[in-house]
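Thanks, everyone. Let me put the model on the screen and walk you through how it is packed.

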Amino acid sequence: MALDLRRIQALCFDIDGTLADTDDHLVAQLAALLAKVPAVSGRRSEKLARQVVMGLETPVHGAYAWLDRLGLDVPAQRLRDRAKALKARQGDPAHTRNPEAIDEVPHDMVAGVQEMLHALAAHYPMCTITTGGAPRVERFLEHYGVRQLFRVVVGSQTTRRMKPHPEPLLYAAKIMEVDPKACVMIGDTTIDVRCGRLAGAQTVGVLCGFGTERELKEAGANLILRTTSDLLAVLKPQQDPLHTTASVKPRQ
């Protein structure tokens, strides 16, 4: 079904690949490592790194889904967070070559998203829902001056279950004081789409992150956009600075 604009009362955003350019960050890290391999350098290393990162999206999120089904998602995330905290103590994230510590440095924000968030916050309560730790998301949002626009940041330890389970969205909807069915889950992976659908919300898939158009379409996204900032032209076209129709990838 197409996105029903009349139902929308609140917005739920994924972070990595949706608001944050996490894929480019990972590609850059991997490309730097691959460049040290004989016969792999320059554009070739970047192309290979991007293929690897994109190829890993499905199995990585699939692993999260299986952990969730087994009830092991939260313990696994806590273990990972503890390991990252220990490694981060070894040096300042801004001056270390430790890959885990480097990940603490705020990623770039997807182009146009900062302006979009400010525009939409005047009309909708908003939240973020991520399978990562909430503190990292808080730092990212504070870094770009948009934390105050969100009613709640839902991380891996906020609720007992993680995406694709609907509990994070149901929790956020309660905080925002809206019916889950009146929410829209915006994300770049099938995990985001499944979370939204299981909660009864509508879903918007974006192609600026890890997921592919085919995956998002098959998962049942109500709308697919080329990039997250195109959401402004869909919800409030009169406030879109380009005054054009969003670059929508229609479902067929």
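Start with burial. Of the 252 residues in the protein chain, 50% are buried, meaning under 20% relative accessible area with a 1.4 Å probe, protein chains only; exposed means over 50%, and partly exposed is in between.

Some ground rules. This is a predicted model: local features need pLDDT of at least 70, side-chain atom pairs count only at pLDDT 80 or more, and totals for chains, interfaces and linings use all residues. Residues are numbered from 1 along each chain as its sequence is written, and side-chain values use heavy atoms, with hydrogens and water left out.

Now the layout. The protein chain has 10 helices and seven strands. These are DSSP runs, numbered from the N terminus: helices are H or I with at least four residues, strands are E with at least two.

Next, the largest nonpolar core. By that I mean buried Ala, Val, Leu, Ile, Met, Phe, Trp, Tyr and Cys residues joined through side-chain atoms within 4.5 Å. It has 36 residues, and L11, F13, L117, L120, F150 and L231 touch the most other members. The largest share, five residues, comes from α5.

On to β1. In a regular strand, side chains alternate between the two faces of the sheet. Here both faces of β1 are covered: A10 and C12 are buried on one side, L11 and F13 on the other. β1 pairs with β4 in the parallel sense over four bridges; pairing requires at least two DSSP bridges between the strands. L11 has V184 as its bridge partner in β4. β1 also pairs with β2, again parallel, over three bridges. There, C12 is bridged to C127.

Last stop, T189. This residue sits in the loop between β4 and α8. T189 counts as buried, because its relative accessibility is 2%. Its side chain makes a polar contact with the side chain of D192, at 3.1 Å. A polar contact is a pair of N or O atoms within 3.5 Å; within protein, one must be able to donate a hydrogen and the other to accept it, and residues adjacent in sequence count only if both atoms are side-chain atoms.
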